[in-house]
Amino acid sequence: MKEYSNYELNQKQQYMMLMRPLLRKHALFSDGTKDYRNPPEPKEDEEVTITFRTAKDNVDIVWLRTDAGKIPMWKEYSRGLFDYYQVKVQLGKEPFRYYFEINTGMLQCYYDRMGVSPEIRQDYAFVIVPGFSTPDWAKGAVMYQILVDRFCNGDPSNDVLTNEYYYIKVYSQKVEDWEKCPAEFGVGEFYGGDLAGVMQKLDYLQDLGVEVLYFNPLFVSPSNHKYDIQDYDYIDPHYGKIVEDEGRLLQPDETDNSTATRYIKRVSDIRNLEASNRLFAELVSEAHKRGMRVILDGVFNHCGSFNKWLDRELIYEKELGYATGAYISGDSPYQKFFQFHDENRWPYNNSYDGWWGHDTLPKLNYEGSEELYEYILDIGRKWVSPPFNADGWRLDVAADLGHSVEFNHKFWRDFRNAVKEANPNAIILAEHYGDPVEWLRGDQWDTVMNYDAFMEPLTWFLTGMEKHSDGYRQDMLGNYQNFEGAMNYYMTRFMTSSLQCAMNELSNHDHSRFLTRTNHKVGRVDVLGSAAAGEETNKGVLKEAVVVQMTWPGAPTIYYGDEAGAVGFTDPDNRRTYPWGREDQELLAFHRDIIKIHKQYDAFRTGSLKFLGGDYQVMCYGRFNRLQQFVIVINNDYVQRDMVWRVWPAEMERKSRMVRIMLTTPESYSLEPEIYEVENGRIHISLPPNAAVILRNIGREES
C-alpha cells in the first residue's frame, strides 16, 4: 500500500495554510457523479455538462483545463454556501481528460481527482471514456460471496465420498462433522455444501438484503475450492445433481484415478452434467425472481490436471464422447492448449507449463491455439446467455493470463466484447492486486475486487494488521493521514463508474476473516491453532468496518458467515462452514439493519464522497448528493472521544440539524434517533470507544 511521508503531508499542509485566508479550499469540489457530470456515463459524440463547486462569492474565475487547452466555466447557480460553475463539452470517440484551474486575486490553484494542488498533476486528471458504462444494478449493490462446499448441504446424495478419488497426495474425504475446522492441508475435505443448499437459503439471503450472489467456482473440479477446473462446460454434479451413480471407490493405498469409476461416472456422464446445468439455471431463475443477480467465477489463466483437455489422471481416456487428452498423446486435438517443453515425451507427457510451477494447475496456452482462445470466449458468452443467464464474471488472477502484457490486454478486450455482446448488462469484475488502471480504461474490465482502495487501507487503519494476519504494525493502526492518502490515491486509479461497482470486501477466501484481524494475533492456523482465531476479538471494530463498507463508494461484499460472527486465519482456516444454528444474533441483526440503511439512500450507491477530517484513531467523511447528505464518524480509539467536525463541505447549510440513524458499540447498536445541531457549519459529537455513527441531514424543516 502506498504510504505518505510526513514531509509530503507537511508540504501540502503549509500550502493550504497560505491559501486559507483567500480561498475556502474545503468548498472546492467536483467528481464523476451525476451531480457533477451529466450524464455521468456519456456516449460517443454526446454533449456532457461538467460542474465545479466553490464557496459562494469566493473565486474570480474557474477554468476547465483539457489536453486541448482551457475553457472558461460560468457561474450557473448558487445554493446554500456554494456557487456552481458549469461548462458544456462536446465529446468525440476518444477519452476526454480534464481538471480545473481556480483563480482568485493573485492566487491560482488546481483541482484534480486528488483534490486541491498548487501545481498541475496530469496523472490525476478526471477521465471520461465515451461509451463506457458499468451496469446500473452493480453500482453500490450488496454482494454476498459463497464458497459453496462450506455454505449449506441441501442434497446429501451428491456429497463427495471418502476415497472417491486421489488428488495432491490425499484421498477425497467426506467430512461428517459440519462444525469441524478445516485441516491445515484440506484440499480433499468436503463438507457437502451444494446449490440445493443455496436454494434452501435464498429466503435467508433475501431477508439479509443481499442483491448479488458471487459464487467461487462451480464447474467440475477435484478440489473443494474448484480453482482447478476440469470441465468449463458443466456445473460439478457434486454441487448439482447426480442421477447416474455407480462404480467403485479407491481402496487404501490405491492412487490410480483411472480405476476410480464412481468418480468418473459422476463427473463424465452427460446425464449428471446436464442435470447439474439445469439446476444452476433454476437457481439463477429463482434468484432473479427475488431481484438478485448471480456472478460466476471464471478461472481462465489455468485449468486443472484433471481437465478433460489434458486428462493427466486418465479419467476421460476410455469414456465415450471425449477426445484424447494432451497428456496422453501428442496427436490430441488439445495439444496446443498447453505449452509442452519436451516434444519427445509422449505418451504421458508431463512437461507442460504449470502456473507458478504447479503441475496440478496447467497454464493455458492461448498464444498457441486460436481454438482455445475462441473456446474460452464462447464459455464467457455461454453462461451469461439463456438458459443460464448469469449476470457476469469475476475473473481469477486475470492479469496473469497469457505470456505477455500485450496479449493479456488483447484477450480481455475480446472477452469483454464477447460477453457484452451476449449480455450487455453483464459485469466483468477481475481479481487484481496492484494498480489496475491499464485494464480499467473502458475496453477491458468493468472493475476489480477492491484491495488497494478499500480492504487494505481500512484494515490497516482499524486493526493495524496485514490482511492475511501475517503482520502487525502499530504505526499503521489509527493512522488517519495514511488512510486518507492511500484511499485518495488508489481511488484515482478507477473511473467513477468502475469505483461505484468495485467489490468492497472485508474478508474473502484468500485472507483472514476481518473479525479475527481485530485480535491482533499475528500468524496462521498451523502455528496458532484454530481456537486462537476467535480469541480476544472486538466486535466493535468489525461494526466500524461494516459501517464504512456500507457507506463507502462501491459494492459492499459480505463473505459468507461474516455477518454471523465467523472467524478464521488465512486459507484454509477462513473457509470454515457457515455456523447455522450458532450465529451471533446481534451481529446478524446489525447486518440486516445496516444493509437496509445502505439500500434506502441513493447517496450511498452513487453519491459523492468527501473527507471531512481525521486524527489518530478517528475520522469523519460525508456521502451526499443534491437531495441527501450524510456524515459518518468513526472512533476506533479505546477511550471516549469528544470531537468537533467541519461538516458543511458535505453540501450542508451553516446552520442545520442532523439525525442519528445508527450508532454502533462493541456490545450493541442502536437505531434510536438523536438530533445533533450543526452550528457554524460544524458539529460536536461524543462517541464511546470503538464506535461508529451515521448522521443524516434533515435541515431545519424536519426538526
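A residue counts as buried under 20% relative accessible area, as exposed over 50%, and as partly exposed in between. The model on screen is predicted.

**Stop 1: Ala422.** Select Ala422, which sits in helix H7, residues 405-422. Its relative accessibility is 31%, so Ala422 counts as partly exposed. Now show what surrounds it: leaving out residues up to four places away in sequence, Ala422 touches Arg381, Val384 and Ser385.

**Stop 2: His509.** Move to the loop between strand S22 (503-505) and helix H11 (514-517), where His509 lies. Is His509 buried or exposed? At 1% relative accessibility, His509 counts as buried. Setting aside neighbours within four places in sequence, display its contacts: Gln145, Tyr214, Asn216, Tyr227, Arg394, Tyr559, Asp571, Asn574 and Arg575.

**Stop 3: the nonpolar cores.** In soluble globular proteins, nonpolar side chains tend to be buried together. The largest nonpolar core here has 151 residues, and the members touching the most others are Tyr144, Phe280, Phe300 and Trp393. Centre the view on Phe280: beyond four places in sequence, it touches Leu195, Leu218, Ile235, Val294, Leu296, Trp383, Phe388 and Ala390. Another core, of 52 residues, lies apart from the largest one; Met73, Phe624, Trp648 and Val693 are among its members.

**Stop 4: helices H8 and H9.** Select residues 451-463 for H8 and 480-491 for H9; their axes come within 9 Å and cross at roughly 175°. That angle makes H8 roughly antiparallel to H9. On the H8 side, the contact is made by Asp452, Ala453, Phe454, Pro457, Leu458 and Phe461, and on the H9 side by Tyr480, Phe483, Ala486, Met487, Tyr490 and Met491. Coloured by class, this contact shows 11 nonpolar residues, no polar ones and 1 charged.

**Stop 5: helices H13 and H14.** Finish with H13 (residues 539-551) and H14 (residues 585-600), whose axes come within 10 Å and cross at roughly 20°. This makes H13 roughly parallel to H14. The crossing of H13 past H14 is right-handed. Which residues of H13 and H14 make the contact? From H13 come Lys539, Leu542, Lys543, Val546, Val547 and Met550; from H14 come Glu586, Leu587, Phe590, His591, Ile594, Ile595 and His598. By class, the contact of H13 with H14 has 8 nonpolar, 2 polar and 3 charged residues.

Conventions: Residues are numbered from 1 along each chain as its sequence is written. This is a predicted model: local features need pLDDT of at least 70, side-chain atom pairs count only at pLDDT 80 or more; totals for chains, interfaces and linings use all residues. Side-chain values use heavy atoms; hydrogens and water are left out. Axes are lines fitted to C-alpha atoms, for helices over the stretch in contact, and angles run from 0 to 180 degrees between N-to-C directions. Helices (H or I, at least four residues) and strands (E, at least two) are DSSP runs, numbered from the N terminus. Angles under 35 degrees count as roughly parallel, over 145 as roughly antiparallel, 65 to 115 as roughly perpendicular and the rest as oblique. A crossing is left-handed if the near helix is turned anticlockwise from the far one by less than a right angle, and right-handed if clockwise. Contact means heavy atoms within 4.5 Å. Ala, Val, Leu, Ile, Met, Phe, Trp, Tyr, Cys and Pro count as nonpolar, Asp, Glu, Lys and Arg as charged, and the others, Gly among them, as polar. A nonpolar core is a set of buried Ala, Val, Leu, Ile, Met, Phe, Trp, Tyr and Cys residues joined through side-chain atoms within 4.5 Å. Buried means under 20% relative accessible area, exposed over 50%, partly exposed in between (1.4 Å probe, protein chains only).
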